Amino acid sequence: MRAKLTVSILAAALAAAAQPVQVLSVSAPVRTAAKRGGEAKLKLTLKLKDGYHVNSHTPNDDYLIPLRISWEKGPLEPIETVFPKPRLEKYPFSAKPVSVFSGAFEVTARFRVAASAPAGIMALSGKLRYQACTETMCLPPKTIDVKAPVEVVP
């Protein structure tokens with residue numbers, strides 16, 4: 001009986017460990033209105049679980065995986081992505097401070113709206129790539145889908 005209980009506990013622990021850890025969430029963006037031939041601005045709110053950080057978009061070491069957002073081609077062309085000012089943190093694995101984001105922070109993406117963009121509501125689709133870490137370990141890099149509603153008006 002005791003052996004079966006131990007095996008059951010071990011199996012449950014291994015199953016829990018195999019589950020992907022969701023440490024970064026992206027809040028659903030508010031619908032943005034944009035005029036044809038103009039610009040659209042989209043704000044994404046990212047939130048990390050306590051105790052985790054992600055490398056900034058400008059990491060201090062080449063081997064660190066930066067936070068990146070890429071957008072699919074469409075009637076809205078990305079102009080720039082504005083990240084908040086990263087914090088410089090000291091971790092045991094690096095001789096120099098590491099450029100990171102933690103907690104909740106906003107990323108703003110600016111788009112140029114094509115003059116020929118069809119009027120109506122569309123969804124911008126993108127990919128957010130990051131690697132979440134604690135002070136002692138890093139999770140595998142992850143890419144998540146980002147969708148944002150935009151209403152193009154004439």
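**Bonds, bridges and rings**

Author: This is a predicted model. A disulfide joins Cys-133 to Cys-138, with 2.1 Å from S to S.

Reader: How many disulfides does the count come to?

Author: The cut-off for a disulfide is a pair of cysteine sulfur atoms within 2.5 Å. Cys-133 and Cys-138 are joined at 2.1 Å, S to S. By this rule the count comes to one disulfide.

Reader: Is the disulfide of Cys-133 and Cys-138 right-handed or left-handed?

Author: The handedness follows from the torsion about the S-S bond, which is about 105° for Cys-133 and Cys-138. The disulfide is therefore right-handed.

Reader: Is Cys-133 buried or exposed?

Author: Buried means under 20% relative accessible area. Cys-138, at 39% relative accessibility, counts as partly exposed. Cys-133 has a relative accessible area of 2%, so Cys-133 is buried.

Reader: Which residue meets Arg-31 in a salt bridge?

Author: The structure holds six salt bridges. In one of them, the side chain of Arg-31 has its partner at 4.0 Å, N to O, and that partner is Glu-151.

Reader: How many residues apart in sequence are the parts that Glu-151 and Arg-31 tie together?

Author: The salt bridge joins the side chains of Glu-151 and Arg-31. Glu-151 lies in strand 12 (residues 142-153), while Arg-31 lies in the loop between strand 1 (24-26) and strand 2, so the parts tied together are apart in sequence by 120 residues.

Reader: Is the aromatic pair of Trp-71 and Phe-111 stacked or edge-to-face?

Author: The structure holds four aromatic pairs. In the pair of Trp-71 and Phe-111, the ring centres are 5.2 Å apart. The planes stand at 80°, so the pair is edge-to-face.

Reader: Where does Trp-71 lie?

Author: Phe-111 is in strand 9, and its pair with Trp-71 ties together parts that are 40 residues apart in sequence. Trp-71 is buried, with a relative accessible area of 13%. Its place is in strand 5 (residues 68-71).

Reader: Which residues do ring pairs link into a cluster?

Author: Phe-83 and Phe-101 form a stacked aromatic pair, 6.3 Å centre to centre with 15° between the planes. Phe-83 sits in the loop between strand 6 and strand 7 (87-89), and Phe-101 sits in strand 8 (residues 98-102). The cluster linked by ring pairs is Phe-83, Phe-101 and Phe-105.

Reader: Is Lys-35 buried or exposed?

Author: Lys-35 is placed in strand 2 (residues 32-35). The cut-off for exposed is over 50% relative accessible area. Lys-35 has 55% relative accessibility, so Lys-35 counts as exposed.

Reader: How many Å apart in space are Lys-35 and Val-152?

Author: Leaving aside residues up to four places away in sequence, Lys-35 touches Val-113, Val-153 and Pro-154. Lys-35 and Val-152 are 117 residues apart in sequence, but their C-alpha to C-alpha distance in space is 5.7 Å.

Note on methods. Residues numbered from 1 in each chain as written. Predicted model: local features only at pLDDT ≥ 70, side-chain atom pairs only at ≥ 80, totals over all residues. Heavy atoms only, no water. Helix = DSSP H or I, 4+ residues; strand = E, 2+ residues; numbered from the N terminus. Buried < 20%, exposed > 50% of the residue type's maximum accessible area, 1.4 Å probe, protein only. Contact = heavy atoms within 4.5 Å. Phe/Tyr/Trp six-rings, centres within 6.5 Å; stacked < 30°, edge-to-face > 60°.
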